[in-house]
Amino acid sequence: MEAGFPMEDIAPIAILMDELRSEDVQLRLNAIHSIPTIALALGPDRAREELIPFLQDSVDDEDEVLLALAEELGKNFEEYVGGPEHAHILLGPLENLSAVEETLVREKAAESITKIASVLSQQQIEQHYVPLLKRLSQGEWFTSRTSSAALYPAVYSRVSPVIQEELRKGFTSLGSDDTPMVRRAAAKWLGPLLTHFSHQHIISDGLPIYRKLQQDEQDSVRLLTVEDLIVIAKSLSPAEVKEQLLRQIKQSIGDKSWRVRYMAANHFNELSDALGVELVREELIGQYVQLLKDNEAEVRSAAATQIPGFSKLIDKEVILARVVPCVRDLSQDSSQHVRAALANQINGLAPLLGKEATIEHLLPLFLHLLKDDFPEVRLNIISKLEIVNTVIGIELLSESLLPAIVELAEDKSWRVRQAIIEYIPLLANQLGKPFFDEQLGNLCMSWLGDTVYSIREAATINLKKLTEVFGVEWAKVAIVPKVMGMGTHPNYLFRMTTVQAITTIAPSLNLDIIRSDVIGPLLELSKDPIPNIRFNVAKALEVMATTFGISADGRTFVHDWIKPTLERQLTDPDADVRYFASRALQKAATLDS
């Protein structure tokens, strides 16, 4: 041990060395996470001279530890080694990590290298970063070449034209690499790199790289070129796109692999925006219809999500002639996922078609999808009705669609009824209070008397949500009297529903309503002959005590009304009633303290 260093200075790095050699992975992980603290204790000079070389030499065999190291070095670590002028020293350990076998570690190392690049000066980039990039790009193992692709975009625009030319050549060779994984990385990072290219270099260098990758034998490479295509199309004029890219666009859309067609369908709107309205109208309408009719359900689903966005770029007549027939076919598609994707987007056509065409062409499809067997399809239609409402008006909407909703609300399958109940607050929000009271108010109350418990439970949650939508004053008039009225029903299930509904809704009401309309009938039910009802009353009182007992007025209410009833229930013949009464009293007591 050198005499120059006191014991406490040597300790941090010695402890780190010991912990990183430990057999316990968790201990090694903790050691990696403590590196910033150790670097701080050592100071910038010793962190550069001892800590970084040590990290560069010690390559762990556990991916989790390597991942943590790659992450730590990208978290502004240059602050611990003397600031940005010394940041390049961190590239050494990260270069090693960029060549390991585990993909996650390599990706995190590349991410950290690009973060460090943002604080480097041009001189540091040209002296340290570019040589590292070349070493990785020409590495013997495909792992380092794969990592290198991600490092080009971060510095391309910050180096001299001579080095830019070298970088273009380096990236071109990655695009022609023998290993598919390297070509895949090149396809993934070509788009971000092209955003820094001049127009001239996109034509001279970017297009050849793209074309080679776009015709790759591996579909996993070709599918990544769809995003590159969008970047190139955005930087070229419509005439250049037509001349240079149209063939590739049509090839991607009609690719033999469904995964490539899926990517094309999924990004169709972005591609259309990049091409411009004229080219879309001339060349892409047929291509889009082809995707909507694809033989793979995944491609049809992706194409269906683009319907409103694409339709904005074409004339109403063309939508009616080319798109609407496809929409009609998709509404009867054999795949439920395609129908769900369509149901989520079909409403977006209404503003484009206008009132008359929506009524004639779309309304029958809405009705058809509303009766779909798959719940997600029905939900997607109902959740977007607001858009249709603005086009055709609430009157027409209620005349055509509400009967279908009411019909579903009385469906023989309780799961269908439950699904409709869950949509009601959403509908209420869109339809407004007067309309709701007139058309759906009684329906909501009728569910409280359903023979299936899950429906009764969903109905009480529904009432709580409606109270939140329309406010407590509405609830006082529309909900509370009907709910409390069921408390005197001869059938105990109705009385039970009253108690459970109050337990659910009480937190959304105010103390005045509880005092004037709720507490009296509820305390009557605490003497019900059925023990289940009595102990559920105790639960309801517990909820009220915890909800309202936080204010002085509320504590008085709890003391005067709730506690005497619970104390009486402590002597109830039924053990469950006694248990829930005592639990509620304990909760109420904590509010006083």
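# Note on a helical protein chain

1. Start with K75. It lies in the loop between α5 and α6 (91-97). K75 counts as partly exposed, at 43% relative accessibility. Buried means under 20% relative accessible area, exposed over 50%, and partly exposed in between (1.4 Å probe, protein chains only). The C-alpha atoms of K75 and M263 are 33 Å apart in space, and the two residues are 188 apart in sequence.

2. On the basis of this note: the model is predicted, so local features need pLDDT of at least 70 and side-chain atom pairs count only at pLDDT 80 or more, while totals for chains, interfaces and linings use all residues. Residues are numbered from 1 along each chain as its sequence is written, and side-chain values use heavy atoms, with hydrogens and water left out.

3. The overall make-up comes next. The protein chain has 39 helices and 0 strands. The radius of gyration of the protein chain is 34 Å, well over the 25 Å that the globule rule gives for 593 residues, so the chain is more spread out than a compact globule. That radius is taken over C-alpha atoms, and the rule is 2.2 Å times the number of residues to the power 0.38. Helices (H or I, at least four residues) and strands (E, at least two) are DSSP runs, numbered from the N terminus.

4. What box do the C-alpha atoms of the protein chain fill? Along the principal axes, the box is roughly 90 × 80 × 35 Å. Of the 593 residues in the protein chain, 52% are buried.

5. A patch of negative charge sits on the surface. E62, D63, E64 and E101 gather there. E64 belongs to helix α5 (residues 63-73). With 45% relative accessibility, E64 counts as partly exposed. Patch residues have over 30% relative accessible area and no salt bridge; like charges are joined within 9 Å, and nonpolar side chains (Val, Leu, Ile, Met, Phe, Trp, Tyr) within 5 Å. Asp and Glu count as negative, Lys and Arg as positive; His and the chain ends are not counted.

6. How many salt bridges does the structure hold? There are 20 salt bridges. Each is a side-chain nitrogen of Lys or Arg within 4 Å of a carboxyl oxygen of Asp or Glu. K108, E111 and K115 are linked in a network of salt bridges.

7. Take the pair of D219 and R259. Their side chains meet in a salt bridge, at 3.4 Å from N to O. D219 lies in helix α14 (residues 219-222) and R259 in helix α18 (residues 258-266), so the pair ties together parts that are 40 residues apart in sequence. D219 is partly exposed, with a relative accessible area of 22%. R259 is partly exposed too, at 35%.

8. Helix α18 also holds W258. At 34% relative accessibility, W258 counts as partly exposed. W258 and E95 are 163 residues apart along the chain, and 37 Å separates their C-alpha atoms.

9. The next pair is R281 and D315. Their side chains form a salt bridge of 3.2 Å, N to O. R281 is in helix α20 (residues 277-292), while D315 is in the loop between α22 (307-311) and α23 (316-330), so the pair ties together parts that are 34 residues apart in sequence. R281 is partly exposed, with a relative accessible area of 39%. D315 counts as partly exposed at 35%.

10. Then look at E542 and R583. They form a salt bridge, with the closest N and O atoms 3.0 Å apart. E542 lies in helix α37 (residues 531-548) and R583 in helix α39 (residues 575-592), so this pair ties together parts that are 41 residues apart in sequence. Is E542 buried or exposed? E542 is buried, with a relative accessible area of 8%. R583 counts as partly exposed, at 29% relative accessibility.

11. E542 has another point of reference in T503. The two are 39 residues apart in sequence, with C-alpha atoms 8.9 Å apart in space. T503 lies in helix α35 (residues 492-505). T503 counts as partly exposed, at 22% relative accessibility.

12. End with L443. It is found in helix α31 (residues 441-446). L443 is buried, with a relative accessible area of 9%. L443 and S220 are 223 residues apart along the chain, and their C-alpha atoms are separated by 52 Å.

Definitions and conventions:
Accessible areas come from the Shrake-Rupley method with a 1.4 Å probe; for residues, only the protein chains shown count as cover. The place of a charge is taken as NZ of Lys, CZ of Arg, CG of Asp or CD of Glu.
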